[in-house]
Amino acid sequence: MLYIRRDLAVRATAIFGALAQLNRITSSGTGNRGSGFPLKLDGGPDLFARCNRRGGFIRFINSDIYFGAGARPLRELAIANEARLRGVPIAEPLGVLIETVAPGFYRSAFITRALNGMTLWEFLRADDDAVVRAHVVELARRAIDTMHDAGLLHADLNLHNLFVSNAGERMTAVILDLDKARLFNSAVPSARRRGNFSRLKRSASKLDPHLRYLDAKLLAILTAS
């Protein structure tokens, strides 16, 4: 079942075909779980699909099959749409694919408009200009603060889910992957924000334990609560 934005409905068949091609790809995609893939449509917009995959130990037993009726990806789509309306800098949500593999079990993919750029972790490793690196970290921090002020609590804030987009002549920071995110009616409470920043700091320490790419000053800018 494909849930797609109305203006893309005429391209539903092409989108189905592009998603089907992903099953034939043997190499890993982008992201920390290798689950992100570009979708190219002839004459259409460039799309991006994140095939939902499990983390933790269970991924060695079951990498991409979930139990239920598919409400989880639809919930993410609803949250992403509302977050974008509130001004949170996220990849533009366009749809969800839910594939039933057996009664009560499914695979899914989340579809957004494609972005030019790379994750914050990739950027930090690729650019050694201290001034540019500091500027991008500040952009990422502003994006997180905007998210929290708008009432959106991320469930897995890490360096892979912060994206540096270089569309046009300026860079922007975008937040990715709102699976299991939560929306509040007002700004995210302080205690919840601290939890987000603690998770982000753990992610940074795990990826860069020797502070080679993200020194103590930049880490404080990004994660201080």
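What covers the buried residues of helix 6? In this predicted model, the cover includes helix 3 (120–126), helix 4, strand 9 (162–165) and helix 5. The residues concerned are Leu-218, Leu-219, Leu-222 and Thr-223, the buried residues of helix 6. Viewed down the axis of helix 6, they fall within an arc of 115°, so they line one face of the helix. Ala-216 and Lys-217 lie on the other side of helix 6 and are exposed.

Helix 5 is one of the elements in that cover. Two packed helices are described by the angle between their axes and the distance between the axes. For helix 5 and helix 6 (residues 216–223), the axes cross at roughly 150° and come within 9 Å. Angles over 145 degrees count as roughly antiparallel. Helix 5 and helix 6 are therefore roughly antiparallel to each other. Their crossing is right-handed. Helix 5 contributes Phe-197, Leu-200, Lys-201 and Ala-204 to the contact, and helix 6 contributes Leu-219, Leu-222 and Thr-223. By class, the residues of this contact divide into five nonpolar, one polar and one charged.

Helix 4 (residues 130–149) and helix 5 (residues 190–207) pack at an angle of about 150°, and their axes are 11 Å apart. That angle makes helix 4 roughly antiparallel to helix 5. Helix 4 passes helix 5 in a right-handed crossing. On the helix 4 side, the contact is made by Arg-141, Ile-144, Asp-145, Met-147, His-148 and Asp-149. On the helix 5 side, Arg-193, Asn-196, Phe-197 and Leu-200 take part. The contact of helix 4 with helix 5 has four nonpolar, two polar and four charged residues. Phe-197 and Leu-200 of helix 5 take part in the contact with helix 4 and also in the contact with helix 6.

Within helix 1 (residues 12–22), the buried residues are Ala-12, Ile-15, Ala-18, Leu-19 and Leu-22. Down the axis of helix 1, these residues fall within an arc of 125°, so they too line one face of the helix. Strands figure in their cover. Among the covering elements are strand 1 (2–4), strand 2 (36–39) and strand 3 (47–51). Strand 5 (93–102) and strand 6 (105–113) are also included.

Terms used
Residues are numbered from 1 along each chain as its sequence is written. This is a predicted model: local features need pLDDT of at least 70, side-chain atom pairs count only at pLDDT 80 or more; totals for chains, interfaces and linings use all residues. Side-chain values use heavy atoms; hydrogens and water are left out. Axes are lines fitted to C-alpha atoms, for helices over the stretch in contact, and angles run from 0 to 180 degrees between N-to-C directions. Helices (H or I, at least four residues) and strands (E, at least two) are DSSP runs, numbered from the N terminus. Angles under 35 degrees count as roughly parallel, over 145 as roughly antiparallel, 65 to 115 as roughly perpendicular and the rest as oblique. A crossing is left-handed if the near helix is turned anticlockwise from the far one by less than a right angle, and right-handed if clockwise. Contact means heavy atoms within 4.5 Å. Ala, Val, Leu, Ile, Met, Phe, Trp, Tyr, Cys and Pro count as nonpolar, Asp, Glu, Lys and Arg as charged, and the others, Gly among them, as polar. Buried means under 20% relative accessible area, exposed over 50%, partly exposed in between (1.4 Å probe, protein chains only). The arc is that of the directions from the helix axis to the C-beta atoms.
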